[in-house]
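Here is a short report on one protein chain. Look at the sequence and the model first, then read on.

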Amino acid sequence: MAPTTERRDSLDGVKDFLRHWEAHRHSVDWEIDGAVIKVDEARAPARARRHLPRARWAIAYKFPPEERTALLEKIDVHTGRTGKVTPFAVLEPVFVGG
């Protein structure tokens with residue numbers, strides 16, 4: 001079992017798990033952009049099973065995307081073969097995720 005896999009017995013436990021991994025997603029040697037929540041079909045109440053996807057009782061949860069600020073170095077222009085001029089930004093490189 002992967003070190004990022006845990007069993008939780010309540011919805012609050014699942015929310016705690018998601019908050020933890022969203023904050024610590026860079027603490028493992030691979031990129032994490034979300035989690036798969038899988039319900040133990042035998043233990044889930046009938047009320048909960050009615051609202052779950054049919055495909056193996058699992059749903060994907062994606063973390064919000066990472067955002068970084070880049071410095072605008074300059075604005076350049078490109079002139080196409082028809083004479084159309086298109087401005088574009090030259091940004092300072094930044095590292096985002098992997």
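Which residues does tryptophan 21 touch, not counting residues up to four places away in sequence? They are Pro3, Thr4, Glu6, Ser27, Val28, Ile32 and Phe63. A contact here means heavy atoms within 4.5 Å.

## About the model

This is a predicted model, where local features need pLDDT of at least 70, side-chain atom pairs count only at pLDDT 80 or more, and totals for chains, interfaces and linings use all residues. Residues are numbered from 1 along each chain as its sequence is written, and side-chain values use heavy atoms, leaving out hydrogens and water.

## Overall layout

The protein chain has 2 helices and 4 strands. Their order from the N terminus is α-β-α-β-β-β. Both kinds of element are DSSP runs, numbered from the N terminus: helices are H or I with at least four residues, strands are E with at least two.

Of the 98 residues in the protein chain, 14% are buried. Buried means under 20% relative accessible area (1.4 Å probe, protein chains only).

## The core

The largest nonpolar core holds 8 residues: Val14, Phe17, Leu18, Trp21, Val28, Ile32, Ala35 and Phe63. Helix H1 (residues 11-23) gives the largest share of this core, 4 residues. Such a core is a set of buried Ala, Val, Leu, Ile, Met, Phe, Trp, Tyr and Cys residues joined through side-chain atoms within 4.5 Å.

## The hairpin

Strands E3 (residues 72-79) and E4 (residues 85-91) run antiparallel, joined by 7 bridges. Two strands pair if DSSP finds at least two bridges between them. Lysine 74 stands opposite valine 90 in E4.

E3 and E4 form a hairpin, with 5 residues between them. In the turn, glycine 83 has a positive phi of about 95°.

Technical notes: Buried < 20%, exposed > 50% of the residue type's maximum accessible area, 1.4 Å probe, protein only.
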